[in-house]
Amino acid sequence: MVVFLTGAIALGVTFLFGCVGEILTEKAGHLNLGIPGIMSVGAMGGCLGVSLYMGALSDPNNASYILLLLIGILSSAFFAGIMGLIYAFLTISMRANQNVTGLILTIFGTGLTEFVMEAKVDRSLLAKASTYFTQSLPFAGKLGWFGEIFLSHGILVYIAIAIAIVAAWLLQKTRIGLSLRAVGENPATADAAGINVTAYKYAFTLIGAAVAGMGGLYYIMDYLKGSWEYGIDSLGWLAIALVIFTLWRPDLSILGSFVFGALYIASYSIMGISFAQMQLLKMLPYVVTVIVLIVTSIVGKKETQPPASLGLSYFREDR
Amino acid sequence: MENTENMENMENSENVERKENSVALELRGICKYFGNVKANEGVDLVVKKGEILSLLGENGSGKTTLMNIISGIYFPDEGQIFIDGKEVVIRSPMEAFQYRIGMIHQHFKLIDVFTAAQNIVLGIKDGSRFRMKDVNQKVRDIADKYGFIIDPKKKIYDMSVSEKQTVEIVKVLYRGADILILDEPTAVLTPQETQKLFAVLRRMRDDGKAIIIITHKLHEVLSVSDRVSVLRKGKYVGSIETKDANESILTEMMVGKKVELNIQRDDPVNPEDRLIVENLDCMNREGVKVLSGVSFTARSGEILGIAGIAGSGQRELLEAIAGLQKVNNGSIRYMDPESGEEVDLRSKTPVQIRDLGVRLSFVPEDRLGMGLVGSMDLVDNVMLRSYSKGKSPFLDRKNPGALANDIVTNLEVVTPGVHTPIRKLSGGNVQKVLVGREIASLPKVMMAAYPVRGLDINSSYLIYNLLNEQKRNGSAVIFVGEDLDVLIELCDRILVLGSGKVTGIVDGRTAKKEELGLLMTKTVGIYEENQKAQASEESNE
């Protein structure tokens with residue numbers, strides 16, 4: 001059970017990054033379906049940064065903990081941010097269709113990731129780099145099941161939770177959050193109120209993409225312990241589903257991501273089921289998302305609905 | 001009418017005594033084009049401090065566009081703007097705030113899921129720490145100062161139209177605007193609320209603020225403003241001191257020709273019962289009772305007016321007849337003039353009811369919300385009513401096209417052509433298309449809710465004439481109106497709704513405005529009960 005819960009949290013954090021990033025973007029009124037691609041590129045960017053840094057050292061084993069982590073996170077966020085910038089430019093400045101742009105970015109991002117990972121990254125270094133990312137608190141093992149479940153994780157887990165909490169606070173308690181929600185609900189109103197709609201949309205699309213990209217880095221470096229695996233994009237779709245599941249609330253998404261993690265690994269944890277049944281179980285997160293969607297639609301409370309102008313381009317002089 | 005003119009004279013004599021005020025805002029040669037539509041063409045305008053300026057013009061004459069230019073929503077293609085004598089460039093609403101220009105839009109710019117206070121504080125960067133508690137208090141202070149009633153914590157989606165407008169006005173006051181622009185603020189208010197608003201406006205004027213108000217109601221123009229500027233077809237016609245103006249002068253300036261301001265009322269010919277409503281009970285979507293025990297009869301060849309404060313159940317009543325609103329109790333019977341049979345409308349679908357000849361032309365607050373599709377052109381919108389008729393798998397565009405042309409010509413719709421998307425037209429023109437289309441189907445029962453809301457005086461009279469024509473053709477016309485003067489002049493009988501109950505049915509020929517006003521505000525309704533229930537719920541929390 002302890003192993004199961006630990007695993008649920010560990011996998012859930014991948015979703016958490018993607019979900020919080022997507023929430024921030026959607027709160028600005030932009031439905032970024034490029035998240036799966038952005039998470040892939042985030043993983044790629046982090047791996048690239050780390051492998052370049054370690055490759056530059058005479059002895060890769062002497063890498064500094066702080067520097068390696070920083071380079072990994074920053075390069076991950078940077079490359080994901082570039083993807084976000086492409087999306088922002090196309091959908092905000094060019095007013096391209098958001099769904100189409102997002103899907104294109106997903107296809108582009110996964111392809112680019114595969115190319116760079118094959119051609120430019122020294123993957124033999126990743127396992128070593130991973131030991132830095134997975135390093136947990138030294139006393140975590142001594143605290144029994146509590147330490148095992150909550151404290152045995154690498155630093156990115158806590159960064160993810162911190163980001164989610166900060167995002168929740170930002171949205172609910174600050175002037176910036178109020179303005180951001182206004183932009184996503186009704187950009188014309190926000191504009192008339194003197195809010196720089198374009199700046200907000202750009203800023204939070206970029207921040208959202210950067211945060212989501214770190215999810216890819218986490219998945220490779222921490223969850224998979226540095227072994228490379230394609231298919232991060234399938235987790236990206238779950239992150240987008242998680243946004244709906246948690247009703248666009250970053251604070252709820254912490255819990256929701258653990259639930260998704262648990263549902264996803266349930267298929268591996270239950271003994272004696274066939275491969276086909278495993279695949280069925282893997283659909284559970286989508287099933288609960290659909291249920292949540294149905295329930296919130298029936299209840300029809302305005303607060304649990306997506307931002308009103310989600311997916312719509314804004315042009316001030318449009319009539 | 002004499003009354004208001006007397007009031008007017010008194011106020012103006014006050015004004016003359018006041019010393020000459022300095023110019024707050026001046027526009028020179030403003031031009032703005034939307035594609036082929038010339039919304040503004042060389043417009044000049046002057047507003048002084050401590051002055052209420054009325055901006056008059058027919059629908060589509062470019063008033064709203066001009067105001068949007070001042071408030072930074074649109075950027076002018078040509079022309080100069082001067083504030084306090086200095087030329088300025090207003091690129092965005094934010095810059096407009098910096099020049100202390102505040103606009104209260106015709107279509108409210110509010111965010112539904114926010115509270116009143118959140119909407120009010122939105123976009124303000126005054127450097128102070130952001131605490132909703134302080135904002136709520138400041139909102140209450142402003143409300144107290146000007147005598148508004150507002151709950152800062154109430155969510156916008158729970159508010160009535162007039163409450164929303166209060167939020168809009170407080171929003172502008174909160175920012176300390178010196179130049180206020182109000183785009184048709186009274187269109188959605190009751191006469192009492194309008195008087196309160198005007199009192200506030202006068203107080204602000206005496207405070208030295210410059211106020212521009214757009215309204216189509218000429219008696220309001222005459223009673224509240226100091227000066228009137230007129231636009232016609234995007235061009236500036238001229239200005240006149242209100243004390244030198246009267247309704248016919250203003251109308252002539254607006255339209256460019258003399259207009260007969262009388263509504264003709266023929267006596268009903270062979271009235272027959274057409275629609276019999278008995279003991280109708282309805283609940284709205286939130287489960288609140290909005291109609292209770294409503295009974296009336298609509299007769300052919302007669303206009304039945306429905307008066308009432310906004311939100312007294314008018315909408316639900318018409319929707320119930322059209323089959324769009326669930327009816328909890330009561331009966332709606334329709335006497336089919338062709339077969340002579342009695343039809344129970346409650347058992348029919350909306351389409352069947354429509355095919356029987358019962359037509360609803362509903363003009364909601366948001367004109368595009370019901371009945372028209374914004375991105376489709378006039379022909380396609382007209383076709384929405386007829387596309388299912390033909391037998392061929394292909395659409396017939398010819399007849400709707402002809403009809404669209406008829407509507408444009410007969411109702412004087414200002415549009416570059418019948419193939420312009422509806423959303424590019426100004427609000428009043430959109431409305432003409434909507435009403436014109438419904439009338440074209442030669443209904444047996446014609447229901448029109450607020451068909452002249454936001455229409456200028458010339459267009460309003462066009463609509464009244466159309467309704468009269470329906471009456472002469474033997475239709476039973478049900479007309480939900482706001483302007484009591486018009487109801488009294490136009491309708492044969494007037495039904496008054498008060499909080500979802502029929503508080504009286506009076507003869508239009510003998511009715512008095514005061515009598516209607518009293519009936520409208522008769523307070524024995526379900527509304528108060530609901531309020532009480534809500535209040536007790538809140539105190540429980």
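How do strand S11 (residues 273-283) and strand S12 (residues 289-299) of chain B pair, and over how many bridges? The two strands run in the antiparallel sense and are joined over seven bridges, where strands are DSSP runs of E of at least two residues, helices are DSSP runs of H or I of at least four, both are numbered from the N terminus, and two strands pair if DSSP finds at least two bridges between them. The model is predicted, with local features needing pLDDT of at least 70 and side-chain atom pairs counting only at pLDDT 80 or more, whereas totals for chains, interfaces and linings use all residues. Residues are numbered from 1 along each chain as its sequence is written, and chains are lettered from A and ligands numbered from 1 in the order in which they are written.

Chain B as a whole holds 18 helices and 20 strands. Of its 541 residues, 47% are buried, a residue being buried if 20 or more other C-beta atoms lie within 10 Å of its own, exposed if 12 or fewer do, and partly exposed in between, with C-beta atoms placed from the backbone. Among the contacts in chain B between residues at least 6 apart in sequence, 70% join residues at least 24 apart; two residues are in contact if their C-beta atoms, placed from the backbone, lie within 7 Å.

Another part of chain B is an open sheet of four strands, in the order S2-S1-S4-S5 and with antiparallel pairing. Strand S2 (37-48) and strand S5 (86-88) are its edge strands, each pairing on one side only, and neighbouring strands are turned by 25° against each other on average, direction ignored. Strand S1 (residues 23-34) is joined to S2(B) by eight bridges, with B:Leu25 partnered by B:Val47, and to strand S4 (residues 78-83) by five, with B:Arg28 opposite B:Gln80. In the hairpin of S1(B) and S2(B), two residues lie between the strands, and B:Gly35 takes a positive phi near 60°.

In chain A, helix H10 (residues 197-223) and helix H11 (residues 232-245) pack at an angle of about 135° with their axes 11 Å apart, the axes being lines fitted to C-alpha atoms over the stretch in contact and the angles running from 0 to 180 degrees between N-to-C directions. H10(A) and H11(A) are therefore oblique to each other, since angles under 35 degrees count as roughly parallel, over 145 as roughly antiparallel, 65 to 115 as roughly perpendicular and the rest as oblique. The contact is made by A:Ala212, A:Gly215, A:Gly216 and A:Tyr219 of H10(A) with A:Ile232, A:Leu235 and A:Ala239 of H11(A). In the loop between H10 and H11 of chain A is A:Ser227, which is exposed because 11 other C-beta atoms lie within 10 Å; its C-alpha atom is separated by 26 Å from that of A:Gly208, 19 residues apart along the chain.

Finally, the two chains meet where 18 residues of chain B are in contact with 21 residues of chain A. On the side of chain B, helix H3 (residues 93-98) gives the largest share, three residues.
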